[in-house]
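User: Please walk me through this model in short questions and answers. I would like to start with a pocket.

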Amino acid sequence: MKMLTVIIFRSPSQDPRKHELEEGILAALAREPDVVSAAMPHLYDFGEADAAMASLRSVTGPLLVLAWLYPRAIHWTLDRLGIKGQCGETQLHRADVAADSQKETLKSGASAPARTIWSLDLRDGDNVVMHVEEIQRILREIHAAPLPTQDGSLSPSPLPIPHPTSNAQNPPLHHWYPVIDYGRCNQCMECLDFCLFGVYDVNDDGHVVVESPGNCKKGCPACSRVCPENAIIFPMHRTPSIAGAPGARLDVQKLDLSELFGAPAAVKLAADERNAALVGDGRKAVADPQHRDDKETKPKDNLDKLMDALDDAKL
Amino acid sequence: MPDELIFMMGNFAARFPTDRRYTLNHMWLRAEGDSLRFGLSTYAIRLLREVYFLEWSVDAGATVRQKDEIGAVESSKAVAAIYAPADGTITRFNAGALADPSAINKDGYDAGWLFEMAAQAGDAMEPAQYLQYLETSWTRAQALLRKQTAQ
């Protein structure tokens with residue numbers, strides 16, 4: 001019985017070294033009796049309607065995914081595609097990032113099924129052995145404590161998973177759209193207010209969703225900057241905190257006053273980015289950041305009390 | 001002109017000596033020999049509260065541009081990056097404040113100075129101007145604090 005389904009989502013780049021790593025891991029996994037594995041094109045370019053995603057949705061057992069993205073970006077991109085589960089803990093971390101910032105455990109969504117999904121960033125290990133050893137470690141973990149699937153049994157993964165040869169015939173629908181981390185999102189609706197392109201909407205459950213990803217403006221990560229929880233991921237953005245890097249969020253223990261001491265404000269940066277996208281769309285730039293805080297601070301009520309209240313704040 | 005001007009931050013009276021000028025990023029500056037000496041204004045210190053960690057990311061002698069990040073402070077309530085207040089060369093850091101940052105709270109206008117620069121600082125403000133600037137700055141600061149403390 002196969003115990004673990006492993007999918008490698010290939011890099012969108014033509015880099016031969018990346019291809020080599022992908023092929024090396026696939027070859028090693030072919031020798032693992034408990035693993036069924038397959039390779040697919042770049043995860044971020046898949047749409048919900050793609051046949052490959054439909055077949056992945058039918059896998060109800062433990063799933064391990066490798067991609068050239070941060071684990072948090074992988075998990076929530078899969079979630080968006082209807083492939084849901086609990087976040088599996090992994091021990092492979094890149095050497096160039098402080099260990100502390102990687103301690104954060106991914107938080108699963110509230111409605112995710114019991115099965116586990118492990119997300120591995122292919123950039124976290126530069127050789128086949130590192131990745132294969134981590135997969136073997138996870139396999140031992142599954143052996144030691146069989147994880148129940150939804151129907152209470154260890155189900156074999158349906159086989160075979162269709163192996164898409166190329167996306168060339170069906171160019172991906174969306175190259176650039178936000179992915180919401182529902183483990184962090186607190187439904188404040190700030191993104192819904194901020195985005196003027198109608199990307200976000202509220203579903204029947206009252207949750208904010210990426211309703212129209214096609215409306216999103218390529219290169220614009222502005223809503224991610226205004227999100228107070230840093231819950232909006234643009235997996236392909238060059239800035240790690242926007243691309244879903246581990247631990248990248250506002251320090252919740254302490255206030256960050258850099259903005260008051262001369263740092264370019266994230267809100268200002270976001271407004272500039274949104275304006276560039278508006279102008280690129282032939283629309284007019286918006287003068288002031290339509291930001292909730294601005295609206296709230298206009299009536300200068302008893303805000304002065306805030307500073308005094310800070311003395312009592314449990315920070 | 002009085003020796004100092006006062007700006008009310010809630011119930012806290014922040015004092016600003018009139019024998020020096022102030023910058024947009026809430027530092028004071030005063031001529032010290034051929035250099036300009038910089039420190040944090042009471043406004044900045046009040047926002048930070050007890051400063052207990054100070055570090056510089058550039059060495060003395062470094063040439064910097066205005067708004068370059070040159071260091072960071074951490075306090076009981078907050079962290080903040082420190083940005084260069086002007087174009088110029090940093091000639092000296094205050095070793096005393098680096099060794100014991102509590103000097104910034106105890107005596108921010110004198111012994112708690114931060115660094116000296118060979119610079120012009122042509123856009124520095126007179127105390128009265130700075131107080132006007134604080135009116136808008138204070139509104140912004142409260143918005144930021146409200147946003148961050150609401151989490």
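User: What volume does the second largest pocket have?
Analyst: This is a predicted model: local features need pLDDT of at least 70, side-chain atom pairs count only at pLDDT 80 or more, and totals for chains, interfaces and linings use all residues. Residues are numbered from 1 along each chain as written, chains are lettered from A and ligands numbered from 1 in written order, and side-chain values use heavy atoms, without hydrogens and water. A pocket is an open set of points on a 1 Å grid over the protein atoms alone, where a 1.4 Å probe fits, with protein on both sides within 12 Å along at least five of seven lines. Counting the space filled by probe spheres set on the points, which are joined across faces, edges and corners, the volume is about 530 Å³.

User: Which residues lie closest to the centre of the second largest pocket?
Analyst: Lining residues have an atom within 4 Å of a point. There are 23 of them, and the closest to the centre are Asp79(A), Lys84(A), Tyr182(A), His207(A) and Val209(A).

User: Which element gives the largest share of that lining?
Analyst: Helices (H or I, at least four residues) and strands (E, at least two) are DSSP runs, numbered from the N terminus. Helix H3 (71-80), strand S6 (179-180) and strand S8 (208-210) of chain A each give two or more residues. The largest share, three residues, comes from H3(A).

User: How many residues of the lining are charged?
Analyst: Asp, Glu, Lys and Arg count as charged; Ala, Val, Leu, Ile, Met, Phe, Trp, Tyr, Cys and Pro as nonpolar; the others, Gly among them, as polar. The lining has nine nonpolar and eight polar residues, and the charged ones number six.

User: Why is H3(A) largely enclosed by the rest of the structure?
Analyst: Buried means under 20% relative accessible area, exposed over 50%, and partly exposed in between (1.4 Å probe, protein chains only). The buried residues of H3(A) include Trp76(A) and Asp79(A). H3(A) is largely enclosed because its buried residues number nine of the 10.

User: What share of chain A is buried?
Analyst: Chain A has 10 helices and 10 strands. Of its 315 residues, the buried share is 50%.

User: Where does the side chain of Asn94(B) reach a backbone oxygen?
Analyst: Asn94(B) sits in the loop between S10 and helix H2 (95-99) of chain B. Its relative accessibility is 7%, so it counts as buried. A polar contact is a pair of N or O atoms within 3.5 Å; within protein, one must be able to donate a hydrogen and the other to accept it, and residues adjacent in sequence count only if both atoms are side-chain atoms. One polar atom of the Asn94(B) side chain lies 3.0 Å from the backbone nitrogen of Gly96(B), and at 2.7 Å the side chain reaches the backbone oxygen of Trp113(B).

User: Which backbone nitrogen lies 2.7 Å from a polar side-chain atom of Asp87(B)?
Analyst: Asp87(B) is in the loop between strand S9 (78-83) and strand S10 (88-93) of chain B. At 41% relative accessible area, Asp87(B) is partly exposed. Its contacts (heavy atoms within 4.5 Å), leaving aside neighbours within four places in sequence, include Val64(B) and Met117(B). The nitrogen at 2.7 Å belongs to Gln66(B).

User: Is Gln142(B) buried or exposed?
Analyst: Gln142(B) lies in helix H4 (residues 127-149) of chain B. Its C-alpha is 9.9 Å from that of Met9(B), 133 residues apart along the chain. With a relative accessible area of 2%, Gln142(B) is buried.
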